[in-house]
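Subject: Structure for you to look at

Hello,

Here is the structure I promised to pass on. Please open it first, then read my notes below.

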Amino acid sequence: MLDMTHHRPQDLTVDRAAGTLTVLWQGGHRSTYPLRWLRANCPCATCREQRREAALQVDTLTLSAGPPPSTEIINAELVGNYAVRFTWADGHDTGIYVFSALRQSCPCADCNPSGPPPLLPDD
Ligand SMILES: [Zn+2]
Ligand SMILES: [Zn+2]
């Protein structure tokens with residue numbers, strides 16, 4: 001119960017100019033995620049499969065992989081009370097970002113001194 005509460009945001013702010021998402025968690029901790037990182041960690045099945053394939057390919061192939069995905073958010077929508085779904089400027093909207101996973105991947109030095117771990121998929 002207490003644990004769940006700490007994985008709930010009090011406030012979510014997308015700062016388009018700075019390119020960040022800031023989450024103020026119940027309990028007062030604040031996490032700031034670069035939108036670029038969120039997009040690169042999109043937890044949807046399609047992106048996870050693409051990342052898996054990219055990891056298997058040699059660099060020469062990934063270089064010709066077209067324009068990079070958009071890192072601009074045009075909409076954020078709560079999914080129940082456990083996750084948030086973003087719509088990116090290129091129309092991609094299938095990634096469900098679960099709050100408990102976001103909380104664990106907080107990029108601040110207190111939570112993850114050696115950098116944030118990749119987002120845990122929602123399954
Ligand atoms: Zn995706
Ligand atoms: Zn933190």
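His-29 counts as partly exposed, because its relative accessibility is 24%. The cut-offs are these: buried is under 20% relative accessible area, exposed is over 50%, and partly exposed is in between (1.4 Å probe, protein chains only).

A word on the source. This is a predicted model, so local features need pLDDT of at least 70 and side-chain atom pairs count only at pLDDT 80 or more, while totals for chains, interfaces and linings use all residues. Residues are numbered from 1 along each chain as its sequence is written, chains are lettered from A and ligands numbered from 1 in the order in which they are written, and side-chain values use heavy atoms, with hydrogens and water left out.

Back to His-29. It coordinates the zinc ion (ligand 2) through NE2, together with the SG atoms of Cys-106, Cys-108 and Cys-111, at 2.0 to 2.3 Å. (Donors are N, O and S atoms within 2.8 Å of the metal, or 3.2 Å for Na, K and Ca; water is not among the atoms, so sites may look incomplete.) His-29 sits in the loop between β2 and β3 and Cys-111 in the segment after α5 (99-104), so this pair ties together parts 82 residues apart in sequence. (Helices, H or I, of at least four residues and strands, E, of at least two are DSSP runs, numbered from the N terminus.) Cys-111 is also partly exposed, because its relative accessibility is 28%. The four donor atoms subtend angles of 103 to 114°, so the arrangement is tetrahedral. (For four donors, that means all angles lie between 85 and 135 degrees.)

Now the zinc ion (ligand 1). Its protein donors are Cys-42, Cys-44 and Cys-47 through SG, and His-92 through NE2, 2.0 to 2.3 Å away. Here the angles are 102 to 115°, so this arrangement is tetrahedral too. Along the chain the spacing reads C-x1-C-x2-C-x44-H. Cys-42 and Cys-47 are both buried. His-92 counts as buried as well, because its relative accessibility is 17%. His-92 lies in the loop between β5 (83-88) and β6 (96-98).

Last, a sheet. Three strands form an open sheet in the order β1-β2-β3, with antiparallel pairing. (Two strands pair if DSSP finds at least two bridges between them.) β1 (9-15) and β3 (30-34) are the edge strands, and each pairs on one side only. Six bridges join β1 to β2 (residues 20-25). Pro-9 has Trp-25 in β2 as its bridge partner.

Best wishes

Methods
Four donors count as tetrahedral if all angles lie between 85 and 135 degrees; four count as square planar and six as octahedral if opposite donors are over 155 degrees apart and all others between 65 and 115; anything else is irregular.
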